[in-house]
Amino acid sequence: MASKKRKAPCDECDAPAEAHAEPTTPTAPKPNHNVPHHVPKPHFGCATEASIAKADRYFRDLYRCEPDFKKLAAQDPDFAVWVKKGGKLNFSDAAAFMQLTKTLLKADFGLKIELPDDRLCPPVTNRHNYILWLKELMDTTSYEQPGGKLCGLDVGTGASCIYPLLGAVQRPWNFVATDIDAKSLVYARKNVELNGLDKQIRVMERKASDSLVPLDDISVQSIDFVMMNPPFYESEDELKQSAENKSQPPNSACTGAPVEMICEGGEVGHVGRMLKESLILRDKVRWYTTMVGKASSLNALVGQLRENNIDNFAVTEFTQGKTRRWALGWSFAPMRPADHVARGINAGSWENLVPPLTKQDVLKLPVGNEVGPFIELILVLMGSLELISWTWDMEASRGVGRARQNVWSRSWRRKKLREMPRETPDASAAVAPKSQATDSEECRLGFAIAVQVGTDKTIFSVNWLEGHDQPLFVALADFLRGRLGRLVQERHAQENRDGIEG
């Protein structure tokens with residue numbers, strides 16, 4: 001009997017190719033043989049941290065420069081017919097714009113879609129920006145490594161179902177995609193099937209009167225995120241008035257149906273509905289997020305968050321060409337997003353719209369200064385505190401800790417001294433036992449201390465990772481700033497003494 005020939009190994013791991021012939025988990029996508037060779041092919045069942053990082057870099061860098069229409073035309077004959085001399089494209093031509101969307105999805109993501117002429121054709125770069133931001137939002141609000149399996153809900157997915165498609169090819173994410181429009185639902189299901197992603201994406205019909213976040217109807221107790229791109233306008237008159245007020249023609253053709261463009265209360269009303277639902281569901285959803293089309297809407301919605309005492313939120317701006325959009329997210333959970341995610345707009349002109357900073361620099365050392373003693377001091381300080389947990393990664397020069405209260409304050413240290421047993425003749429060598437915190441205790445502050453070595457200076461910083469108590473985070477930063485600054489002064493004093501003696 002002839003021996004069976006072993007197939008070539010998987011690009012992302014050492015497993016044989018047959019290991020990926022059939023999905024082995026509910027989130028594993030079907031093989032997509034139409035994916036261009038340069039697009040990372042995710043085998044999420046065996047993806048490593050390095051392969052996830054490599055794919056993320058590819059997707060993050062896709063549209064740092066505007067797409068090269070000449071190059072795309074050379075790759076795709078269907079697109080070439082719409083490209084004029086000089087590599088120009090008539091964006092006001094609905095057919096040309098639709099072909100651009102199809103070509104970009106195929107060339108950059110290995111995705112195929114079909115769209116009707118009378119429904120919205122999504123601009124790929126703008127939609128991709130939302131997914132990039134969402135990935136960073138989820139990554140920076142978890143102690144887990146990036147790239148894990150998550151479940152999201154796309155409210156009003158549209159005929160393209162573009163957000164779930166983009167998300168599912170970049171991460172091992174499951175989606176429930178909802179819509180109230182029968183025609184959009186037909187195309188959305190077709191697009192999921194065209195790309196072999198029916199194991200990851202479930203398309204679900206809803207009614208206009210139904211809740212936007214139907215956890216009970218999709219039979220889950222909780223979900224990782226909700227995303228939405230709501231209709232901008234609250235009436236046809238407002239839509240027409242907006243078009244008339246523009247001094248120049250729109251940047252691209254709009255083929256949207258009224259059901260996609262208009263809703264009661266416009267985008268503020270629609271997002272307001274989700275906010276009301278979130279006040280009941282609370283942390284059953286880790287992050288509630290939405291696209292916002294108007295700056296006035298963003299102002300109103302951030303105001304509503306503050307009125308409801310929601311202190312954990314994120315705001316960012318997407319700029320692609322002449323188009324500006326914003327994204328807003330909020331959470332009842334304690335994990336705080338990184339500043340570049342939560343404050344992704346110009347804080348100078350939008351200071352009233354952004355949440356508090358989650359990073360403070362506590363020491364800057366000029367290049368040439370020895371770093372080791374300062375790291376040793378940090379390890380001694382953290383080791384002396386009654387933290388729930390503390391770990392230090394020597395290779396990354398980064399430590400992560402969790403505290404149940406302000407255990408670094410003077411009052412806390414004085415209290416601990418009073419609680420120490422008094423010295424007795426038989427217990428002169430006794431050491432007061434350090435109370436042990438456990439992971440089951442409530443965490444009021446999660447933090448990271450990081451050391452970043454640059455070409456001209458070394459920066460020690462503390463990052464707020466978890467909790468709702470901003471003053472507690474500020475107190476920790478002040479404590480570290482004071483102790484590290486004291487060490488700087490002591491070292492300078494010693495150098496001066498050595499210089500005098502020399």
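Contact, as I use the word in this notebook, means heavy atoms within 4.5 Å.

**Ground rules.** I am looking at a predicted model, in which local features need pLDDT of at least 70 and side-chain atom pairs count only at pLDDT 80 or more, while totals for chains, interfaces and linings use all residues. Residues are numbered from 1 along each chain as its sequence is written, and side-chain values use heavy atoms, with hydrogens and water left out.

**Entry 1, Gln99.** I began with Gln99, which I found in helix H4, residues 94-109; helices (H or I, at least four residues) and strands (E, at least two) are DSSP runs, numbered from the N terminus. Leaving aside neighbours within four places in sequence, I listed Asp76, Asp78, Phe79 and Trp82 as the contacts of Gln99. For Phe79, 20 residues away along the chain, I noted a C-alpha separation from Gln99 of 6.0 Å. Is Gln99 buried or exposed? Gln99 counts as buried because its relative accessibility is 14%, where buried means under 20% relative accessible area, exposed over 50%, and partly exposed in between (1.4 Å probe, protein chains only).

I then stepped back and recorded 16 helices and 15 strands in the protein chain. Of its 502 residues, 47% count as buried. Among contacts between residues at least 6 apart in sequence, I noted that 71% join residues at least 24 apart. The chain exposes about 26300 Å², and carbon and sulfur atoms supply 51% of that area; accessible areas come from the Shrake-Rupley method with a 1.4 Å probe, and for residues only the protein chains shown count as cover.

In soluble globular proteins, nonpolar side chains tend to be buried together. A nonpolar core is a set of buried Ala, Val, Leu, Ile, Met, Phe, Trp, Tyr and Cys residues joined through side-chain atoms within 4.5 Å. Which residues touch the most other members of the largest nonpolar core? I found that they are Phe109 and Ile201, in a core of 60 residues. Apart from that core lies another, of 33 residues, with Met228, Val292, Leu298 and Val315 among them. Not counting residues up to four places away in sequence, Ile201 touches Cys161, Pro164, Leu165, Ala168, Phe175, Ala177 and Val192.

I followed Cys161 to the loop between strand E3 (150-155) and helix H6 (162-170). Its phi is near 55 degrees, a positive value in a residue other than glycine. Cys161 counts as buried because its relative accessibility is 0%. Arg282 also has a positive phi, of about 50 degrees, although it is not a glycine, and I located Arg282 in the loop between helix H10 (266-281) and strand E7 (285-292). With a relative accessible area of 42%, Arg282 is partly exposed.

Tyr130 is found in helix H5, residues 124-139, and counts as buried because its relative accessibility is 0%. Not counting residues up to four places away in sequence, I listed Tyr163, Met227, Met228, Thr289, Thr290, Met291 and Phe318 as touching Tyr130. The C-alpha atoms of Tyr130 and Glu317 are separated by 9.6 Å, though the two residues are 187 apart along the chain.

I placed Glu205 in strand E5, residues 201-205, where Glu205 counts as exposed because its relative accessibility is 53%. Apart from neighbours within four places in sequence, Glu205 is in contact with Asp179, Leu185 and Arg189.

**Entry 7, a pocket and a cavity.** On a 1 Å grid over the protein atoms alone, a cavity is a set of points where a 1.4 Å probe fits but cannot get out, and a pocket is an open set with protein on both sides within 12 Å along at least five of seven lines; lining residues have an atom within 4 Å of a point. Grid points are joined across faces, edges and corners, and a volume is the space filled by probe spheres set on the points. I noted a volume of about 910 Å³ for the second largest pocket. Its lining has 28 residues, of which Asp139, Ser142, Arg398, Val400 and Leu465 lie nearest its centre. A search of the whole structure finds three cavities of 30 Å³ or more, and the second largest cavity has a volume of about 40 Å³. Asn312, Phe313, Arg336, Pro337, Ala342, Pro355, Pro356 and Thr358 line that second largest cavity.
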